[in-house]
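Thanks for coming. I will walk through one structure this morning, part by part, and give the cut-offs as the terms come up.

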Amino acid sequence: MTLEELVNSKLDKLNPTDLIVWRYIYAHKKECCYISIYDIADNCNVSRTTVLRFAKKLMVLVI
């Protein structure tokens, strides 16, 4: 399952802030492979913790 498929299958479990992070990552796929969680957070105007929570939600959804 790709990341896109995972997120799309679980959209109902994501909050509005998670969607902001996801939209940024989706729009900047190549860039996000090489930048830090701090850079993603700054670019989304959210905290680093918010990005970390988003990633953890996806991990929990996979298991």
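Where is the place of I20? I20 sits in helix α2. Helices here are DSSP runs of H or I with at least four residues, strands are runs of E with at least two, and both are numbered from the N terminus.

Before going on, the ground rules. This is a predicted model, in which local features need pLDDT of at least 70 and side-chain atom pairs count only at pLDDT 80 or more, while totals for chains, interfaces and linings use all residues. Residues are numbered from 1 along each chain as its sequence is written, and side-chain values use heavy atoms, with hydrogens and water left out.

Back to I20. At 39% relative accessibility, I20 counts as partly exposed. For that scale, buried means under 20% relative accessible area, exposed means over 50%, and partly exposed is in between, with a 1.4 Å probe and protein chains only. The C-alpha atoms of I20 and N45 are separated by 9.1 Å, though these residues are 25 apart along the chain.

N45 itself is in the loop between α4 and α5. With a relative accessible area of 70%, N45 is exposed. Its phi is near 60°, which is a positive value in a residue other than glycine. As background, most residues other than glycine have a negative phi.

Now the core. A nonpolar core is a set of buried Ala, Val, Leu, Ile, Met, Phe, Trp, Tyr and Cys residues joined through side-chain atoms within 4.5 Å. How many residues does the largest nonpolar core have? It has 15, and those with the most contacts inside it are V21, I25, I40, V46, V51 and F54. Four helices, α1 (3–9), α2, α4 (37–44) and α5, each supply at least two residues of this core. The helix that gives the most is α2, with 4 residues.

Take V21 from that list. Leaving aside neighbours within four places in sequence, V21 is in contact with I40, C44, V46, T50, V51 and F54. Contact means heavy atoms within 4.5 Å.

Next, how two of the helices meet. The axes of α2 and α4 come within 10 Å and cross at roughly 110°. Axes are lines fitted to C-alpha atoms, for helices over the stretch in contact, and the angles run from 0 to 180 degrees between N-to-C directions. Angles under 35 degrees count as roughly parallel, over 145 as roughly antiparallel, 65 to 115 as roughly perpendicular and the rest as oblique. The two helices α2 and α4 are therefore roughly perpendicular to each other. Where they meet, I20, V21 and Y24 come from α2, and I40, N43 and C44 from α4.

On to α5, which covers residues 48–62 and holds T50. At 13% relative accessibility, T50 is buried. Beyond its neighbours within four places in sequence, T50 is in contact with T17 and V21. D18, in helix α2, is also buried, at 2% relative accessibility. Not counting residues up to four places away in sequence, D18 touches F54 and K57.

Two aromatic residues come next. Rings of Phe, Tyr and Trp (its six-membered ring) pair if their centres lie within 6.5 Å; planes under 30 degrees apart count as stacked, over 60 as edge-to-face and the rest as tilted. The count by this rule is 1 aromatic pair. The ring centres of W22 and Y26 are 5.7 Å apart and their planes are at 45°, so the pair is tilted. W22 and Y26 are 4 residues apart in helix α2 (residues 16–27), which separates them by about one helical turn. Is W22 buried or exposed? W22 is buried, at 10% relative accessibility, whereas Y26 is partly exposed, with 41%.

Last, the cysteines. How many disulfides are there? With a disulfide taken as a pair of cysteine sulfur atoms within 2.5 Å, the count is 0.
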